[in-house]
Amino acid sequence: MRRRDLLASMAAAGVGGGALTVTAGRAETVQFPAGFVWGTATSSYQVEGRGDRQADTIWDSFARAPGAIVDHSNGDIACDHYHRYADDLALMAKAGVKAYRFSISWARVLPTGSGGSDPRGLDFYSRLTDAALKAGIEPWVCLFHWDLPQALQDHGGWSDRLIADRYAEYASLMAKHLGDRVTRWVTFNEPNVHAIIGHGFGEHAPGLKSREAMFQALHHQNLAHGKGVQALRATGGDRFKLGTVLSLQPCRPADTAPASAAAAQLWDALWNRCVLDPPLLGRYPEALAEYTDDLVQDKDLAQIRQKLDFLGVNYYSPMYQKTDPAGLIGTGWGAVPEGMPRTAMDWPVDPQGLLDVLSDLRDHYGNPELYITENGACFAETVATDGRVDDAQRVAYLHDHIAVARRAIAEKVNLRGYFAWTIMDNFEWAKGYTAPFGLMHVDRATLARTPKASYDWFAKLAHSNTLPAA
Ligand code: GCO
């Protein structure tokens, strides 16, 4: 939906009154509720750089495999956030950012995944937390953003049920270490993407192409989430605000064939419901019982369904599906509708899809406290000699999605915050450094950070709590 259509439909839907006023298809003031959280997010492997981390993660190993990363790069240096975090936090604070979701590198604090901890790793996260608080930024600590210690992978990784207990021990260690200063905890980032893209398609670490491993990874991450929540509560009680972060994408049929509608529904069960339903509803989708039944033991679902304080939604785009007998569950990617804009990674741009996802959570999952924990886009960029990037397309993307977020609030979605992905260009997984998502450009030779136009735009938004024009 183009911006003008969106604003017109907001007006038609009567989204006016209160703070949001839309006249004749032109937004005058789109204001957010007081206390709405403006944040940004990163992940350990994507930004930290190796620093003095002793042990490999599965992403170190994966990046060494020929052809795994398009530009043959890795996260050894990344953004060197490990050493530059204080400057990065200052740049976040300057942009008016009040919350920073970062992830802990499990291998940095527990080199073999369990047992003896590395004081240097623990100390780093302690300093990062202190620096965030000092900058007036609330740390949101995510315990797992895909960089599993290689030592655990060597024991079967997420295929091994016992990993859920290792995860709970690790959660407990971090809760004890940071819990006097951190209240916001995220158990997992996108367990569905890690399971499906990393274990099913093999395009991310650990590079497995196995339906069986994919379902094991889904279930054992769900189980680890449940055990992790219990471990965190045991340390922080109700003072801790606990949640998980899911990548939710509307799954739509690629064409009008009835089989495509069925394929889209089945893919939705895998992509969205396999990670939403167990923690929130205490069940797996019926349509996938043939794959999940054997994995789920007595009491697992009760363990997984723990009281949560919030849910994080990462939203980028919808997906289009059709049948494909060779696919992981008999479905495959279909064509994106003609005329729909795309990002440089070919992801369809559809802000309306965000409203679909949020409304579904309001209507079918009890309207939990929600945060958009990631949203953003990569486009081809021209870097000026002074490092400046005029990323008008990113500004338009952010504007249109944030306008939809405001509309969702008007439609009674319990949405409390928005985190831009991401503060600076970083290691975009299999795309290496070829797919910039940042509000700041990072010079790969000098690692100098230069705010882009989108940084200035986002700063205006975060400082004023009002949506600026794109
Ligand atoms: C995610 C990913 C991020 C990606 C981003 C853009 O949580 O989706 O973890 O790490 O960089 O989504 O692809």
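**A walk through the predicted model**

F215 has a relative accessibility of 3%, so it counts as buried. Keep in mind from the start that this is a predicted model. F215 sits in helix 10, which covers residues 211-236. What does F215 touch once residues up to four places away in sequence are set aside? Its contacts are L270, C274, L288, Y291, T292, L295 and I329. Take L288 from that list: it is 73 residues from F215 along the chain, yet the two C-alpha atoms are separated by 9.8 Å.

P206 belongs to the loop between helix 9 and helix 10. The peptide bond joining A205 to P206 is cis, with omega at about 10 degrees. A cis bond also turns up between W421 and T422, where omega is about 15 degrees. T422 is placed in the loop that runs between strand 13 (415-420) and strand 14 (440-442).

While we're on the backbone, look at phi. W146 is not a glycine, but its phi is positive, at about 85 degrees. You'll find W146 in the loop between strand 5 (138-142) and helix 7 (150-153). Is W146 buried or exposed? Its relative accessibility is 4%, and anything under 20% counts as buried, so W146 is buried. K412 is another residue other than glycine with a positive phi, here near 75 degrees. K412 lies in the loop between helix 15 and strand 13. With a relative accessible area of 64%, K412 is exposed, because the cut-off for that class is over 50%.

Two packed helices are described by the angle between their axes and the distance between the axes. For helix 15 (residues 392-410) and helix 16 (residues 453-464), the angle is about 30 degrees and the axes are 9 Å apart. Angles under 35 degrees count as roughly parallel, which means helix 15 is roughly parallel to helix 16. Which residues make the contact? From helix 15 come R394, V395, L398, H399 and I402, while helix 16 supplies A453, S454, W457, F458 and L461. Sorted by class, this contact has seven nonpolar residues, two polar and one charged.

Follow helix 16 along and you come to S464, which is part of that helix. Its relative accessibility is 37%, so S464 counts as partly exposed. For a sense of distance across the model, compare S464 with D123: they are 341 residues apart along the chain, and their C-alpha atoms are separated by 35 Å.

Next, the empty space. Rolling a probe the size of a water molecule over the atoms shows where empty space is left. The largest pocket holds about 980 Å³ of space. It is lined by 32 residues, and the closest to its centre are I197, Q249, M319, M345 and W347. Which elements give two or more residues to this lining? They are helix 9 (191-200) and strand 10 (319-323). By class, the lining of the largest pocket divides into 17 nonpolar, eight polar and seven charged residues.

How many cavities of 30 Å³ or more does the structure hold? There are three, and the largest cavity has a volume of about 40 Å³. S44, Y45, E48, G49, R53, G75, S105, R108 and D147 line the largest cavity.

One last stop is V336, in the loop between strand 11 (331-333) and helix 14 (351-364). Leaving out residues up to four places away in sequence, V336 touches Y320, R342 and P348.

Terms used
Residues are numbered from 1 along each chain as its sequence is written. This is a predicted model: local features need pLDDT of at least 70, side-chain atom pairs count only at pLDDT 80 or more; totals for chains, interfaces and linings use all residues. Side-chain values use heavy atoms; hydrogens and water are left out. Axes are lines fitted to C-alpha atoms, for helices over the stretch in contact, and angles run from 0 to 180 degrees between N-to-C directions. Helices (H or I, at least four residues) and strands (E, at least two) are DSSP runs, numbered from the N terminus. Angles under 35 degrees count as roughly parallel, over 145 as roughly antiparallel, 65 to 115 as roughly perpendicular and the rest as oblique. Contact means heavy atoms within 4.5 Å. Ala, Val, Leu, Ile, Met, Phe, Trp, Tyr, Cys and Pro count as nonpolar, Asp, Glu, Lys and Arg as charged, and the others, Gly among them, as polar. On a 1 Å grid over the protein atoms alone, a cavity is a set of points where a 1.4 Å probe fits but cannot get out, and a pocket is an open set with protein on both sides within 12 Å along at least five of seven lines; lining residues have an atom within 4 Å of a point. Grid points are joined across faces, edges and corners, and a volume is the space filled by probe spheres set on the points. Buried means under 20% relative accessible area, exposed over 50%, partly exposed in between (1.4 Å probe, protein chains only).
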